[in-house]
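Hi,

Here's the structure I said I'd pass along.

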Amino acid sequence: MSNADAHRLPTGVIPSHYELDLTPDLEGSSFSGSVTISMEILDSTDSILLHALDLDIHTATLTTERDGITAETEVVLTVEEDTEMVRLKCPEVLEAGAAELHFEFSGELNDQLVGFYRSTMTVDGTEHRIAVTQFESTHARRAFPCFDEPEFKATFGITLTVPGNLLAVSNAAEVSRSQEGRSRGEDRTRITFADTMPMSTYLVAFVIGPLEVTEPRLIAGVAANIALRVIHPPGMGHLSEFALEVADAATRFFEGYYEIPYPGDKIDLVAVPDFAFGAMENLGCITFREVLLLVDPATATKMELQRVADVINHELAHMWFGDLVTMKWWNGIWLNEAFATFMETSASDAFNPDWDVWTNFGLARAAAFDTDSLHSTRPIEYEVITAADSEGMFDILTYEKGCGVVRMLEQYLGPDTFRNGIRAYLRDNSYGNTETTDLWDSLEAVSGEPVRRIMDSWIFQGGHPQVDVSLDNGIVTLDQRRALLTPDATGERPGGTEYPTWSIPMVLQTTNSGGDKSTLRILQEEPTSLEVDPETVTVQANAGGNGFYRSLTGQEMRMNLARGETSAVERFVLLDDSAFALMSGQIGIAELTTVVGVVAESETSPAIWRRIAGIADQLVRLTIGDKRHQIRDWAVNLAIDARPKFADAHAASGDEAEVIAVLLNISGVTAADEIARSIARDLVDAPDVDPSITASALKVIATSASADEHADIEDRWRNPENPQAEQRALGALVATGNPDLFKGALNLAADEVRSQDAPYMLRQALANLELGATAWDNIETSWDLYNERFPASALPRMLEGIRNFTDPDLAARVEKFLSAHPLPAGDKQVAQHREWMAANVVTAARLRA
């Protein structure tokens, strides 16, 4: 048996239905239950293999029916710890036919935020417990014995027995309830839910606790009305209306886009106090971090509102793409997540076009470009063998690069053709499992384009191309090479044995001296020369800004593009490609700041200003001494020159308020300007100022906060008005430049900050310009504690903060420590953080010289 086969279940036994009965004991942090699994034995066998982890299995019984005779078979259970499986050995060979497995078992409600776990909340000074599930990717086996692989779809009938004062929800609608235990002085309710559609085990969910629920809102579905509710901690119902509006609109949008009715019988959006991820697409019972579901539109920033909408839309998109049609194995999870990210953005754009979401997506795509420019990047799809391998798939390359590649394909094929291919794919594979190539084949059938050949070059090899563009007397030359942060001899040019070329679906736009524009579409795979108008002065090699590739020109054309008429997305791409050119040593600081300055002169897009702010921050980090002072002067002057174009801070709203917030951040945080810090103190609690500006003002104040101001920030964190205010204050606590205040904030991560939040707080602490080394000292000292306390999936995200380090001695210390202390999962992500840190050190040394 190969190593891969050892971690996969054989396909000779197929489950069709689970009858799951659970009784959680929230106060005792335990649960007991039973499950009956209806199965079909396809191939004769003398053993059955399935998953179970951290469960005490008390009984296991196999029942078969042959020729009308029902027989109970005695089985011997063996635990196979390395593969998280149990083997049921039968005394004789089982012939093909129907069978049932029945288990009685018990387990612990753990505190690791996976499987069936416990969460806590405090209401009116009293702590309450909640029991929650998080089964993706391979954690259903922690709650009940099961065939815990995506391909083994089945229906689920779930019954929960809970204290009578608690709310209990699951994937499907409640169909019955009865009272139990009254004769023994107990008040327990037995709740049975309808059977689900056939689905994978990782989508099963149940939540039990003293929660409140909104009145059902009926969505006008194409087949029937769909009951929509928000389930939330007590007293937070007033923060649910925005989520209801978004989910209502999104469900109708997706039913129209997919041309398939919603596949469940209801939609519950559940806010969970302790949750390792952002949200989880459990059919009909979608779980969220509170900050990504509960929001007050009157006090939230525009970006906070969009983030809530994006996450809701992402999870609802999965109801079809992921739940109804599911990948066969975890190597295909990238397509589920990439497509859901694409659809979340499309749905958010439809919900509020003024958000300009595709330009905002540029920030996330830029981070994906950064990681994908490293030697340690990975293919979007790669071989997954173990449970730990599957956990490593949930990263920026799966979500943001995957989405960027899907968006590029959609724009190349045309939105209507692309949508028709998606409809055919979902229709043909409903309730089933697929491989990635099944989608390419559907798109190829409706478009006539070589979709599989195009996409294979993007999916099965790491990295992305840089297209070098030149223009000479009406001839445009395009040549691709791998975009590498630190190029080497094998990676600079295409055609080598290590780095093959890409099939690039390019959209080019040329502009002549008279302002006339022409658009070309080509599939660029080798050096290409195109004859264009001899009067052409600019070539936009990524017209529309949707291609997942870098495009670099000479400085003259770069400046012409900066001055020309371009979309916000195209300007974003120009800035992002120029910042990459600096990091990879292809241009210098002067060339970059000149391009930024030209774009900034008339820029009004918040997304572009956020990218400008990111460039300014990066340049400050990469320089020291007089050069850093020069960069800070340049940054504050950008903000000063731009400020008169926008309204007074007390009157600004919408995009204007967003830009003012960014300008305040550039001046007060990046440039450390004292005037900006004084302005921030006047604005932070002003009642008539847009939330975007007050949120920025809090961050500015935090960088130079006095002891009293820092104490006020801590109080805002401990007593927040809403989840967004809590997270703003938590981040502000580690923005201080005062070493004593900083250390005090770090100490909170050990026990007071929720384990779902502390890793991200520490990531921000590592990014502190002056005190990042102190944060690293804390992580080294508390490494064992953090590994025990934090979710394993969050540890690589915590370490992302080391990407900000530029000091060679500190980087060497980090390298030595991480080499001696590998994480249990996420090794690819950590390798990428380390490589980026090393590249940062090299770039800083070059620029400082």
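Predicted model: local features only at pLDDT ≥ 70, side-chain atom pairs only at ≥ 80, totals over all residues.

First, the helix pair. Helix α16 covers residues 654-670 and helix α17 covers residues 674-683. Their axes come within 8 Å and cross at roughly 125 degrees. The crossing of α16 past α17 is left-handed. On the α16 side the contact is made by Leu664, Ser667 and Gly668, and on the α17 side by Ala676, Arg677, Ile679, Ala680 and Leu683. Sorted by class, that contact has 5 nonpolar, 2 polar and 1 charged residues.

Next, the core. There are 275 residues in the largest nonpolar core, and Phe144, Tyr258 and Trp776 have the most contacts inside it. I had a closer look at Trp776. Setting aside neighbours within four places in sequence, Trp776 is in contact with Leu766, Leu799, Ile802, Phe805, Leu810, Arg813, Val814, Phe817 and Leu818.

Last, a strand residue. Thr189 sits in strand β14, which runs over residues 188-193. Is Thr189 buried or exposed? Its relative accessibility is 3%, so Thr189 counts as buried. Beyond neighbours within four places in sequence, Thr189 is in contact with Leu160, Thr161, Val162, Pro163 and Gly164, and also with Arg177, Ser178 and Gln179.

Cheers

Notes:
Residues numbered from 1 in each chain as written. Heavy atoms only, no water. Axes fitted to C-alpha atoms, helices over the stretch in contact; angles between N-to-C directions. Helix = DSSP H or I, 4+ residues; strand = E, 2+ residues; numbered from the N terminus. Left-handed = near helix turned anticlockwise from the far one by under 90°. Contact = heavy atoms within 4.5 Å. Nonpolar A, V, L, I, M, F, W, Y, C, P; charged D, E, K, R; others polar. Core = buried A, V, L, I, M, F, W, Y, C linked by side-chain atoms within 4.5 Å. Buried < 20%, exposed > 50% of the residue type's maximum accessible area, 1.4 Å probe, protein only.
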